[in-house]
Amino acid sequence: MTAPTDNLRINGERLWDSLMEMAKVGPGIAGGNNRQTLTDADAEGRKLFQAWCEAAGMTLGVDKMGTMFATRPGTDPEALPVYIGSHLDTQPTGGKYDGVLGVLAGLEVIRSLNDLGIKTKHPVVVTNWTNEEGARFAPAMLASGVFAGAIPIDYAYSRRDPEGLAFGDELKRIGWVGDEEVGARKMHAYFEYHIEQGPILEAEQKQIGVVTHCQGLWWLEVTLTGREAHTGSTPMNLRVNAGFAMARIFEMVQQVAMENQPGAVGGVGQVFFTPNSRNVLPGKVVFTIDIRTPELAKLNAMRARIEKEAAAIAEALGVGSAIEAVGHFDPVTFDPTLVGRVRGAAERLGYSHMDIISGAGHDACWTAKVAPTTMIMCPCVGGLSHNEAEEISPEWAAAGADVLLHAVLETAEIAG
């Protein structure tokens, strides 16, 4: 027998319109977004999200990390809330969907419940986590890490961007320091809906990714100290070239990742040269190595080897070196009950689906430490993300939001 709720769908057109409206805030230069955390554009996006939540009858709470929690009350005042969350901040050259889809799909779940007159036993809370990307302030998933008790709030406040501005000062500047203690909220469950950021779902022609695990991660910030010198007049044998040491370390990271196949990745995405002049050998190079795998032992072995070999490479070239871990979380196994609800919702709704491991880190990796957690993924064109050309279809967005609606309803329990 078909239950009365089996055919419920969100309003896909309204969800898409909201995505396009938010994309107008902090526009990029090539069709995407530059809405980095704690910038004026971030503040503007937060205000828009707040207005939409309040229009949907939700009440807003903000914690001391600036994370936004918009609550639709439940019928049982003792019942713990079901949370839906992701982030509104973007990369400097970010797309329109990374993170934003999860936040606005959560809002669309609430709007759809309102339209349908459905009440739930548990409250439902839509969350915008601060500084998920880590593009401006490392590490990534900063606010959710503090929420989970893995990162001290004083450390978070002290993080500085490339211009030397402190996270705590910038949070205050844009006016989003809340009064809630971080982590004081208790969760019945947490759901996060996200674009895959990889090519698997599209290649397999699946509409829904049922996320069972998330890779662990280490970010290792390497500082190499050489000697500034003229590139034209300094003999090769008298150079202390931090840039050359960096190049050899890059190659070593590639080799370590390849030797740990399958299921491991490694690379470098950010480099700062000083003085960064065409005809001056760098006196200082700072870059971040990113390594990931779903196997904890492999992850830690890769880190140990990279740190040892990087130091040896630098020493052989007479270059000073220091390595600091600036981001980390262990591999995550998501809650089997919630994973089953996502899979069951996709099946009932007739959407093609497959189990998948998240290659990227998400706030769900931290909430999984404190509450039952799972994720849902939708395909993205060519697997492209962290790029202004990032693209999804309205149909993909709606399908995952439908699954989110059903999984959340099953967990929050329709009130009789």
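Two rings of Phe, Tyr or Trp count as an aromatic pair if their centres lie within 6.5 Å. Keep that in mind for the first views of this predicted model.

**View 1. Aromatic pairs, with Tyr157 and Phe167 as an example.** The structure holds 10 aromatic pairs. One of them joins Tyr157 and Phe167, whose ring centres are 6.4 Å apart. The angle between the two planes is 20°, and planes under 30 degrees apart count as stacked, so this pair is a stacked one. Tyr157 belongs to helix 5 (residues 153–158) and Phe167 to helix 6 (residues 167–173), so the pair ties together parts that are 10 residues apart in sequence. Are the two partners buried or exposed? Tyr157 is partly exposed, with a relative accessible area of 26%, whereas Phe167 is buried, at 0%.

**View 2. A cluster of rings.** Which residues do ring pairs link into a cluster? Look for Phe69, Tyr83, Trp129, Phe147 and Tyr190.

**View 3. Two arginines over tryptophan rings.** Here we meet charge and ring together. The charged end of Arg111 sits over the ring of Trp52, at 5.5 Å from the ring centre. In the other example, Arg303 lies over the face of Trp218, and the distance to the ring centre is 4.0 Å.

View 4. Where does Asp98 lie? Find it in the loop between strand 3 (82–86) and helix 3 (100–116). Asp98 is buried, with a relative accessible area of 5%.

View 5. Glu133 is found in the loop between strand 4 (124–128) and helix 4 (142–147). With 6% relative accessibility, Glu133 counts as buried.

**View 6. The annotated dimerisation domain, residues 215–314.** The name "Peptidase M20 dimerisation" comes from an unreviewed UniProt entry, which lists this domain at residues 215–314. The span is 37% helix and 34% strand, and its end C-alpha atoms lie 29 Å apart.

**View 7. Helix 8 packed with helix 9.** Two packed helices are described by the angle between their axes and the distance between the axes. Helix 8 (residues 242–259) and helix 9 (residues 296–316) pack at an angle of about 155°, and their axes are 10 Å apart. Angles over 145 degrees count as roughly antiparallel, so helix 8 is roughly antiparallel to helix 9. The crossing of these two helices is right-handed.

**View 8. Helix 10 packed with helix 12.** What is the packing angle of helix 10 (residues 336–349) and helix 12 (residues 394–412)? The angle is about 125°, with the axes 9 Å apart. That makes helix 10 oblique to helix 12.

Definitions and conventions:
Residues are numbered from 1 along each chain as its sequence is written. This is a predicted model: local features need pLDDT of at least 70, side-chain atom pairs count only at pLDDT 80 or more; totals for chains, interfaces and linings use all residues. Side-chain values use heavy atoms; hydrogens and water are left out. UniProt positions are given in the numbering used here, feature names are shortened, and annotations may be inferred rather than shown by experiment. Helices (H or I, at least four residues) and strands (E, at least two) are DSSP runs, numbered from the N terminus. Rings of Phe, Tyr and Trp (its six-membered ring) pair if their centres lie within 6.5 Å; planes under 30 degrees apart count as stacked, over 60 as edge-to-face and the rest as tilted. Buried means under 20% relative accessible area, exposed over 50%, partly exposed in between (1.4 Å probe, protein chains only). A charge sits over a ring if NZ of Lys or CZ of Arg is within 6 Å of the ring centre and within 35 degrees of the ring normal. Axes are lines fitted to C-alpha atoms, for helices over the stretch in contact, and angles run from 0 to 180 degrees between N-to-C directions. Angles under 35 degrees count as roughly parallel, over 145 as roughly antiparallel, 65 to 115 as roughly perpendicular and the rest as oblique. A crossing is left-handed if the near helix is turned anticlockwise from the far one by less than a right angle, and right-handed if clockwise.
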